[in-house]
Amino acid sequence: MWKRLYDWIDQRVQLGGLMEFMGKKYVPIHAHSVWYYFGGVSLFLFIIQVVTGILLLLYYKGSEELAFESIQFIMSKVKFGWLIRSIHSWTANLFILTSMIHMFSVYFARAYRKPREITWVTGMLMFFLALAFGFSGYLLPWNELAFFATKVGTDIPGVIPVIGKPIMVFLRGGEDVTGATLSRFFGFHVAVFPAIFTVILGIHLLLVQRQGMSEPMNAEANPHTEKKTMPFFPNFLLRDLLLWLIVLNLLAVLAVFFPWELGQKADPFAPAPAGIKPEWYFLFMFQTLKYIPGKVLFLDGEILGVLLFGFAGLLWTLVPFWDRKSNRGERNRFVTYLGLFAVIYIMILTIIGWVA
Amino acid sequence: MIAWLAAVVYPILAYLAPPKQGEVEVKSVKAGKVKDIEKDSGTIVRFGNKPVILIRRADGEFAAFSATCTHLDCTVQYRKDLGVIWCACHNGKYDLTGRNIDGPPPRPLDAFRVVVQGDDVLISRKA
């Protein structure tokens, strides 16, 4: 029966070329092969987000008066609502974590070098979108923490001279964080970001398929040594699927034993609660902003912070274009030290922010 | 071509900018009765659609400031244990005259006028 189905489709869309391509696809095996799995896991977590996100949409109400109550309803009245919401929240965090690991592994392996510059840039765009997903989704329950996180987060672009204020007003849907902000963030979270993300993800995956997996630089430097490989279909894919299953189990454990809290409903006329902090992936920036004094020379401290992080993000995204040594197959220690500095800085500031 | 683009882009950009909401301009608000406001305390009061913090110092004197932190827009609170106005978001501190004294806030809090009329405490904008 499968054969007949295959033949039926093959007669209409000529599957031969695709099957031949899939049959020839190999994954290099080396000491760092384990990092290849993080891209796939990130993809899997994104798929979970889409599915659980659609399920939440069936009951969520995106308005200032009803958002918090609708999440309460999902968590207390809808069968398995607590589970779906908890999985969505946990997956969001794991998605950013695995994307981050994927990004750093690609960076340290210099897998962004020619000819994979576009793959890197599309990956970085998706990473920024993942942060935007996290930030916009965080507000949707309309709780106290989310309210102030959004106030701070949308005020940050507002400090940029000239263009800052219009950006802030655009993001908030007005001068302040109100129900208008919630409506906008809801729209960004469920329509604008998924649409853009899907297009970029398509390009990213297409490039990975077209160009194959990047090999470590030392493997490329010795073309005559015998290279170990593994067929993508089915060997690597089955390993990928096994890992996805493990991740799904992990998510179930996290969601059941550590259900995501809803907190207090946002009150625009209550002070920011003591101990307020953003999600862990923004903590290092949050902590840095605490250390920058109000005025540094002629600049306001927060403007300096925004400029520094903006510049660092841009430098990081454009690494394939300024790291010419790696493109030529030479070692570039500066890139390694910069990467190590970024990892250590993020880790230390995150821990301090977490403990503080 | 440019005219066509402008005809498409302009309405979209204009649509994205939220219309200005007509706000009722608040001149002053009643924050409460003197006897109900403890000494050495701070309360957030609604001034139109903005929060204002009303401070009653230990000596019984009143002062009011915008409760929006000049750093990144969080709402401040009174810390009795430290005797300062404090922002929980980035640990910014202001003294009881609204002056930024510690942490990242770049400017003092905007001051409001407090008038006691009989037993009522009224807050109004400074001219």
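This note sets out points on the predicted two-chain model above, covering chain B, the contact between the chains and selected features of chain A.

1. Basis of the model. The model is predicted: local features need pLDDT of at least 70, side-chain atom pairs count only at pLDDT 80 or more, and totals for chains, interfaces and linings use all residues. Residues are numbered from 1 along each chain as its sequence is written, while chains are lettered from A and ligands numbered from 1 in the order in which they are written.

2. Contact between the chains. On chain A, 27 residues are in contact with 24 residues of chain B (a contact requires C-beta atoms, placed from the backbone, within 7 Å). At least two residues of the side of chain A that touches chain B come from each of α7 (144–158), α8 (164–172), α12 (280–291) and α13 (301–317) of chain A; helices here are DSSP runs of H or I with at least four residues, strands are runs of E with at least two, and both are numbered from the N terminus. The most is given by α7(A), with five residues. By class, this side of chain A has 16 nonpolar, four polar and seven charged residues (nonpolar: Ala, Val, Leu, Ile, Met, Phe, Trp, Tyr, Cys and Pro; charged: Asp, Glu, Lys and Arg; polar: the others, Gly among them).

3. Packing of α12(A) on α16(A). The axes of α12(A) and helix α16 (residues 333–355) of chain A lie 8 Å apart, at an angle of about 85°. The two helices are therefore roughly perpendicular, a label for angles of 65 to 115 degrees. Axes are lines fitted to C-alpha atoms, for helices over the stretch in contact, and angles run from 0 to 180 degrees between N-to-C directions. Among the contributors are A:W280, A:F284 and A:F286 of α12(A) and A:Y345, A:L349 and A:W354 of α16(A). The residues of this contact divide into nine nonpolar, four polar and no charged.

4. End of α9(A). A:Q211 belongs to helix α9 (residues 179–211) of chain A. A:Q211 is exposed, with 12 other C-beta atoms within 10 Å (exposed means 12 or fewer such atoms, buried 20 or more, and partly exposed in between, with C-beta atoms placed from the backbone). Leaving aside residues up to four places away in sequence, A:Q211 touches A:P115 and A:R116. A:P115 is 96 residues from A:Q211 in sequence, yet their C-alpha atoms are 8.2 Å apart.

5. Overall form of chain B. Chain B has one helix and ten strands. The C-alpha trace of chain B spans about 70 × 35 × 20 Å along its principal axes, and 35% of the 127 residues count as buried.

6. Sheet of chain B. An open, antiparallel sheet has its four strands in the order β5-β6-β7-β8 (strands pair if DSSP finds at least two bridges between them). Because β5 and β8 (100–102) of chain B stand at the edges with a single partner strand each, one side of each lacks a neighbour in the sheet. The twist averages 45° from one strand to the next.

7. Hairpins of chain B. Three bridges join β5 (residues 77–79) to β6 (residues 84–87) of chain B, and B:Y78 stands opposite B:I85. Four residues separate these strands, and B:G83 takes a positive phi near 70°. Three bridges also pair β6(B) with β7 (residues 92–94) of chain B, where B:C87 has B:G92 as its bridge partner. This hairpin has four residues between its strands, with B:N91 at a positive phi near 60°.

Technical notes: Angles under 35 degrees count as roughly parallel, over 145 as roughly antiparallel, 65 to 115 as roughly perpendicular and the rest as oblique.
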